[in-house]
Amino acid sequence: MCDITCGVPQGSVLGPLLFIIYTNDLSMVLSHYKCILFADDTTVYYTGSDMKVMFNNVNLDLKLLTDWFRANKLSLNVSKTNYVLFQNRYNRVINSDYSITIGNSIIEQKSEAKFLGLMFDECLEWTAHIKFIESKLSKSLYILRSVKKLLSNKILKVLYYNLFYSHLTWNHALGCNLQL
C-alpha cells in the first residue's frame with residue numbers, strides 16, 4: 001500500500017468524475033481554440049481563413065495548454081497528438097510552410113482523424129468513415145460466423161447487437177446530440 005500524492009488510481013469508481021472535475025477549467029485557458037472534453041479525450045479546434053494567423057494562434061494556445069498541463073501535474077502524450085487541416089476539396093493547401101509544435105515536438109498532420117467514433121477526413125467526406133465501419137462489421141461477422149454453431153440463438157442475438165448492430169446505430173444517436 002502506498003500514498004497517492006497526485007492523480008487517481010486507474011480503474012477507480014470515482015476516477016472518471018474526479019478527472020472531469022480536475023480538467024473542467026482546461027477550456028478557459030485557451031484564447032483562440034474551442035475545446036471539446038469527452039471522458040479522458042480532449043479535442044481542440046480552431047477555424048480561420050488566414051493560414052499564417054491560424055497557425056500562429058494555434059501555437060500560442062498550445063503554449064498556454066502546455067503550461068496548464070504542467071501546472072496541473074498532467075502529461076500530454078505528444079505521440080498520440082495530431083491535427084487535421086480541414087479544407088475545401090477543390091481549393092486545398094498542398095504544402096504548408098507552417099507547423100504546429102508542443103515544446104520541441106512537431107505535431108504530425110494527418111489526413112483523417114477519429115472523433116467520438118466518427119472518422120473525419122480533411123475534406124469532410126465519408127470515405128474514411130465507411131471503410132472504418134466496413135472493417136468493424138467485417139470483423140463482427142467473422143466472429144458471429146465462427147461461433148454460430150456453438151451458441152444458442154439467444155446468445156447469438158446478444159452478440160449481434162453488441163458486435164454488429166451497435167456500429168450501425170452508435171453514430172446516428174451521437175450525431176443527433178453532437179453540437180460543436
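The largest nonpolar core here is built from 16 residues, and F55, L62, L65 and I100 have the most contacts inside it. Helix 3 (residues 51-71) gives this core its largest share, eight residues. Do keep in mind that this is a predicted model. As general background, nonpolar side chains in soluble globular proteins tend to be buried together.

**More on the cores**
- Leaving aside residues up to four places away in sequence, L62 touches Y33, I100, T101 and I102.
- There is also a second, separate core of six residues, with I133, L137, L144 and F164 among them.

**Overall fold**
- You will find five helices and eight strands in this protein.
- Following the sequence, these elements come in the order α-α-β-β-α-β-β-β-β-β-β-α-α.
- Of the contacts between residues at least 6 apart in sequence, 57% join residues at least 24 apart.

- Strand 1 (residues 34-38) and strand 2 (residues 41-45) run antiparallel and are joined by five bridges.

**Burial and surface**
- Of the 180 residues in the protein, 24% are buried.
- The protein exposes about 13,500 Å², with carbon and sulfur atoms supplying 56% of that area.

Key. Residues numbered from 1 in each chain as written. Predicted model: local features only at pLDDT ≥ 70, side-chain atom pairs only at ≥ 80, totals over all residues. Heavy atoms only, no water. Helix = DSSP H or I, 4+ residues; strand = E, 2+ residues; numbered from the N terminus. Buried < 20%, exposed > 50% of the residue type's maximum accessible area, 1.4 Å probe, protein only. Contact = heavy atoms within 4.5 Å. Areas by Shrake-Rupley, 256 points an atom, 1.4 Å probe, with all protein chains shown as cover. Core = buried A, V, L, I, M, F, W, Y, C linked by side-chain atoms within 4.5 Å. Pairing = 2+ DSSP bridges.
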